[in-house]
Structure formats: structure tokens, C-alpha cells
Amino acid sequence: MADQVRGSSALKHPDRYTYRDYKTWPDDERWELIDGAAYDMSPAPRWLHQTLLTQLSSQLDTHFSGKPCRPNIAPIDVFLAEEGESIDDAKDVVQPDLLVVCDRSKIVDRGVVGAPDFIIEILSPSTAMKDQTEKRKLYETKGVREYWILNPDTFELFIYTLKEDGTYGLPSVADIRTPVPVGIFDGLELQVREEDLV
């Protein structure tokens, strides 16, 4: 991608962990596990990141009011466990910025068990590399039907849609300052109001 946000993905260290380990870590720290590797979610997101998240989540909440699908925002744990694997043994536990789950049986008190239908990640310097590589591959493998990556500096949006063969292929590109249809949800378009971001 030409306009990727540069950044790092801070690893705890090279050991492999499960959610059982994750639960013992300090409550004031945020982590994600991808294939058992621990990624630090600090520092907190920037003002622009959170304002974009607020605008988009508000639109999703309005659209899905009274409908079966439910949107939610980070921090909430999504357990992408292997079939037959317990939550405690899950090696893939992520906190997408924004998600929509249409199968309510996946919603549990601790978060979401299984792939959400729709995920948006808003890039930040500390998570950009992971969102564009490890998480994109994880979401593809686990069956997230549509995955958006938003660059907050350029408003460029990379849209990955799961094909019949279970892969994303190349993304389509859009500008989130104009209405962008969500391919898997009829009648839903998302757009940010640039004048309200500061």
C-alpha cells in the first residue's frame, strides 16, 4: 500500500501466550494476542483516531438500531479461537477499533467468540504495521467478511472483502470523506465529517 502509516508493533517478548496468561496481566494494560504473540496496545490513541471512531460508531449504532446485528467499539476482546479450543486457551485475542457481529450467539459477557462480520481498524503509529499485516491475515483466515483499514492522516480507506475462496485479494480504495458503501450490508454507507474532527 502506497500510503501505509509507518509504525511499530511492540511485542511483549518472544514467548507465546494464551488468554489464560493474558487474564493475569495488569488491568491498566491493553494487549492483543496474535498466534500467541503479545502486542502492546499503548500508548492511548490520538484525538483524531478517537473522533473518527466516534463518528463511525454513531453511524453504525443508528443503522443497526432494532436489527439483529450489533456494533461495538474497543476495548472489547474478540476471541478467534480454533475449533474446539476454549476461550482460556485462545492464542488469538484482538481488540478491533470497531466491529459488527450479526450472530448474537457469538456475544458473551467477556466479548465476542468467533469472527465478527465487519471490522474497521483506524491506523495509529503504534499499531499500523500489525493492522496492515498480521491482523489482516488473521481476519482473512478467521472469516471476517469485510475489513476496512482507515488511514486517519489521509482519510484513505482500504477495503478488503472476503471472496468465495476465503481470501481477500487486493483491496479497493476509497476516501472516507465521501459516502462509502459497506458491501455486506445493504443500504449502509459510512462517511466522516472532516469539519467536526478538531
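**Exercise 1. Find which strands helix α2 lies across, and its angle to β3.**

Solution. Helix α2 covers residues 47–64. It lies across β3, β6, β9 (118–122) and β10 (146–151). Its direction is about 165° to β3. Contact means heavy atoms within 4.5 Å. Axes are lines fitted to C-alpha atoms, for helices over the stretch in contact, and angles run from 0 to 180 degrees between N-to-C directions. Helices (H or I, at least four residues) and strands (E, at least two) are DSSP runs, numbered from the N terminus.

This is a predicted model: local features need pLDDT of at least 70, side-chain atom pairs count only at pLDDT 80 or more, and totals for chains, interfaces and linings use all residues. Residues are numbered from 1 along each chain as its sequence is written, and side-chain values use heavy atoms, with hydrogens and water left out.

**Exercise 2. Give the strand order of the open sheet, then examine its edges.**

Solution. Start with the order: β3-β6-β9-β10-β11-β12. The sheet has six strands, and the pairing is mixed. Two strands pair if DSSP finds at least two bridges between them. Now take the edges. β3 (70–73) and β12 (172–175) each have a single partner strand, so one side of each lacks a neighbour in the sheet. From one strand to the next, the twist averages 20°. Last, zoom in on β3. It pairs with β6 (residues 98–101) in the antiparallel sense, over four bridges. Within that pairing, Asn 72 has Leu 99 as its bridge partner.

**Exercise 3. Describe the hairpin of β1 and β2.**

Solution. Locate the strands: β1 is residues 31–34 and β2 is residues 37–40. They pair in the antiparallel sense over four bridges. Glu 32 stands opposite Tyr 39. Two residues lie between the strands. In the turn, Asp 35 has a positive phi of about 55°.

**Exercise 4. Classify the ring pairs that Trp 25 forms with Tyr 17 and Tyr 22.**

Solution. Recall the rule. Rings of Phe, Tyr and Trp (its six-membered ring) pair if their centres lie within 6.5 Å; planes under 30 degrees apart count as stacked, over 60 as edge-to-face and the rest as tilted. The whole structure has eleven aromatic pairs. For Tyr 17 and Trp 25, the centres are 5.0 Å apart and the planes stand at 85°: edge-to-face. For Tyr 22 and Trp 25, the values are 5.9 Å and 45°, so this pair is tilted.

Next, check burial. Buried means under 20% relative accessible area, exposed over 50%, partly exposed in between (1.4 Å probe, protein chains only). Tyr 17 has 10%, so it is buried. Trp 25 has 12%, so it is buried. Tyr 22 is buried too.

Finally, widen the view. Ring pairs link Tyr 17, Tyr 19, Tyr 22, Trp 25, Trp 31 and Phe 79 into a cluster.
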